[in-house]
Amino acid sequence: VPMVAPGNVQVHVINSTLAKVHWDPVPLKTVRGHLQGYKIYYWKVQSLSRRSRRHVEKKILTFRGNKTFGMLPGLEPYSSYKLNVRVVNGKGEGPASPDKAFRTPEGVPSSPSFLKITNPTLDSLTLEWGSPTHPNGVLTSYTLKFQPINNTHELGPLVEIRIPANESSLILKNLNYSTRYKFYFNAQTSVGSGSQITEEAVTIMDE
């Protein structure tokens, strides 16, 4: 098997899900056989928004030939990772380079996990929601937009409310009675808005 590990491993984080890895090629005489390529072993150490550590699953990408760089796609935003690089010949893999740590920046969050509308009265509705399953960063706020829908399914004026990230419910007051409303709800990190969840509900006709 090859005798030495690739040197000077560098990681350039391109965005929240993609990184580029560079290394110096090993001297050909240390390959001790036919150079087939290089392998990058990489694994997520932890998510920076959730402190839970789960089973570490190592992933492997193979780059054929005498490459000196490779792309790592499909990374999770706002996470810490480690990687190492090995050279491969027909017999197997050489030793691993020293582990290199890197972090991915924040991304936009997934949609809120649920939006539930309860307690209809003549002029109010209660909204409850769950935080995104994948915050992909530090949540900064939620945005609620809503508008009335009339009997011919035309949409009325859109109202927008910004809600602090630590809230999980809201009572909407001063609504029209016996009116159907459509709600659009999403979460934000400093990078931007995640995908929205929609729901409809009706205020009651009379007490």
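I first looked up burial: 41% of the 207 residues of the chain count as buried, where buried means under 20% relative accessible area, exposed over 50% and partly exposed in between, with a 1.4 Å probe and protein chains only. I note that this is a predicted model, in which local features need pLDDT of at least 70 and side-chain atom pairs count only at pLDDT 80 or more, while totals for chains, interfaces and linings use all residues. Residues are numbered from 1 along each chain as its sequence is written, and side-chain values use heavy atoms, with hydrogens and water left out.

For secondary structure I found zero helices and 14 strands, taken as DSSP runs numbered from the N terminus (helices H or I of at least four residues, strands E of at least two).

For overall form I read a radius of gyration of 26 Å, whereas a compact globule of 207 residues would have one near 17 Å; the radius is taken over C-alpha atoms, and the globule rule is 2.2 Å times the number of residues to the power 0.38. The C-alpha trace spans about 85 × 35 × 25 Å along its principal axes.

Lastly I turned to phi. Most residues other than glycine have a negative phi. Asn119, in the loop between strand E8 (112–118) and strand E9 (125–132), has a positive phi near 50° and is exposed at a relative accessible area of 51%. Asn136, in the loop between E9 and strand E10 (141–149), also has a positive phi, of about 55°, but is buried at 18%.
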